[in-house]
There are 2 protein chains.
Amino acid sequence: MTESFHPPRRTLMGPGPSDVNPRILEAMSRPTIGHLDPAFIGMMEEMKDLLRYAFQCDYDLAMPVSAPGSAGMETCFVNLVEPGDKVVVCQNGVFGGRMKENVERAGGTPVMVEDPWGQPVDPNKVEDALKANPDARILAFVHAETSTGAQSDARTLAEIARRHDCLTIVDTVTSLGGSELRVSEWGLDAVYSGSQKCLSCTPGLSPVTFSERALERVRNRSHKVQSWFLDLNLVLGYWGGDGKRAYHHTAPINALYGLHEALVILEEEGIENAWVRHERNHEALRAGFEAMGLSFVVPEGARLPQLNAVSIPDGVDDALVRSRLLEEYNLEIGAGLGALAGKVWRIGLMGHASNRTNVLFCLGALDAVLTDMGAPIESGVAVAAARDAYID
Amino acid sequence: MTESFHPPRRTLMGPGPSDVNPRILEAMSRPTIGHLDPAFIGMMEEMKDLLRYAFQCDYDLAMPVSAPGSAGMETCFVNLVEPGDKVVVCQNGVFGGRMKENVERAGGTPVMVEDPWGQPVDPNKVEDALKANPDARILAFVHAETSTGAQSDARTLAEIARRHDCLTIVDTVTSLGGSELRVSEWGLDAVYSGSQKCLSCTPGLSPVTFSERALERVRNRSHKVQSWFLDLNLVLGYWGGDGKRAYHHTAPINALYGLHEALVILEEEGIENAWVRHERNHEALRAGFEAMGLSFVVPEGARLPQLNAVSIPDGVDDALVRSRLLEEYNLEIGAGLGALAGKVWRIGLMGHASNRTNVLFCLGALDAVLTDMGAPIESGVAVAAARDAYID
């Protein structure tokens, strides 16, 4: 007979999921009601307003896709790309590559703009690519590249796209709620995110928002959207703004309770305060890493405060360090991904997990394990350096 | 400032979600851990075994898709249908129509076999369709049609498909855990379900299982699967059997805790006991409805015990009855869907919600509301009839 599963208690400082606020877990355990219940529909309307606040947008379409961030990405591509469409895709990490896959599977032709992993997207290259491809219809890029910790200049990239009459598809999985994102002011068109990063909710939902001109393109497609589940023309019969709620698929009720609570918490703190908090904790973590002698992958000025990728010191056994942190400290940090596998650690300071306790704990645990393993680091100074950074 | 959402307490006796066992809600509120955490991976392996038990199969591939049942349906179609493939689709309610949409959007050609809403699929028509279309590669049908409450003979249909060298895609969204389903013994190939029906879990996950020959076809496709998110060739890098766990998308951790607990509860009860329980409560509900004078849409012998569609008496205001039940009794029953909209009510007795208390409560509440509205029913006798059915 199988027994109930009781997970260990971890501190989650990887690339997500991040530690979940207990208020959210409590909200998710409230009694399930029907997906067409008037009380639930009232909650959905609040959710849309709260998502507009989180995205800083005034678009009609703001809703959570009933599946993880990868499905949010696919929602943007399958609804906007038609067979034969040319899409300029920026790649500076794992997720740009995934965008390329999405374009191809939707029958489009990707034109790649590549930057080194760890660098932000270069706007000049994008400008050149759009000049060279006047028939491109969409520019797709990652605002906050979770695989490297690099932040690209979404405002400038969107401005270039508009000049070339392209819509933008923007990955904000790791930026939403953690660093400055102003969807309407920057004129982003189709934007997706995830619940389990800086919103500190459990994984499984993908907030998306579409501008009116993006939605117009979805409504006027010549081909049916290839996915029935993700077809916004159908999904909006349930989530749309006309007050009627037609059954499309059964919404993940309790997960939505959790996301609602996460967004209420964000509103209570104030989104700009949340951005400042992420920045402050990042600065302290950075002070600790630098004191220890660990260097960042991403150049200063393009670093995401919520995702810190640092190079693994020479000769150190990556997997052993991570498993010792997990076993001895119940602390999860992230491994490198793709081209950075085995070369970096990714330390998340996301949402609820972006706090002073986690910063000092993580530095202390990493210092202890690396020192014990004889790694070439400056021992015993990281925690004090971070503490001093908070005092400054 | 938006406030936390506190749902009302309902009794859910519609077509799903059904009442969730409090043990499952408690499990979902346990601390989130990482999707590559060794403890989580151990839970995933248990989950696969538990799903094999629920499906009564010994297939390697048994896993939950990270999205609702509609995405489980799409997983089956986009992985198995290639452009140009002919698929025989049986339609006897809403969900057969959705299968047709899925075939078309995957580039296939559906050949429809239609039966009246409320009737099971006619095996003779299927035999004829397969004879007339020797190039058909797949037979798709709904085992338990949630829109009507009709159960089709999955064993016979699969046997016919095999003789014609077709794979089967089978919708068991409403049957899994509620009525007899023996995937391996019946030789079903690609089977999907939902978490929120007879497993009594929250909505948002879709258990699927694929036979080896179905998986073989997925591995040997000539075209890439059109969905990146649902491509089993990629998803199995995370859920597959080789012990390695490559990141594909972030699994919905806490929702999976809930499904694990739901399956543990099913194993504790014993699946055949669960089937008998559903049958027994259905018999009592039936006795009550018949005493009241309400008639079933589906002929005896093809009725799903977990989904009871009864005709609305002449002259009765459908929407008013349902809203009075909701407001005065906190009881949700289901409206008709598609061709049966406005003509029937759908009363679910699914999983945890299939119990004597719910049967007597639902009959009592419906009797009170209909009597108060002057509906042409036999008043005041339904509860006693159901009670007597339990005593027999």
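How far apart do the C-alpha centres of domain 1 of chain A and domain 2 of chain A lie? They lie 29 Å apart; to see the two parts, select residues 21-268 of chain A for domain 1 and 271-391 for domain 2, bounds that come from an automatic or database domain assignment. This is a predicted model, in which local features need pLDDT of at least 70 and side-chain atom pairs count only at pLDDT 80 or more, while totals for chains, interfaces and linings use all residues. Residues are numbered from 1 along each chain as its sequence is written, and chains are lettered from A and ligands numbered from 1 in the order in which they are written.

Next, select helix 2 (residues 38-55) and helix 10 (residues 253-269) of chain A, whose axes come within 10 Å and cross at roughly 45°. Helices here are DSSP runs of H or I with at least four residues, strands are runs of E with at least two, and both are numbered from the N terminus; the axes are lines fitted to C-alpha atoms, for helices over the stretch in contact, with angles running from 0 to 180 degrees between N-to-C directions. Residues in the contact include F40(A) and M43(A) of helix 2 and I253(A) and L256(A) of helix 10, where contact requires C-beta atoms, placed from the backbone, within 7 Å.

Finally, show chain B beside chain A: the contact takes 65 residues from each of chain A and chain B, and helix 10 of chain A supplies the largest share of chain A's side, 9 residues.

Conventions. Contact = placed C-beta atoms within 7 Å.
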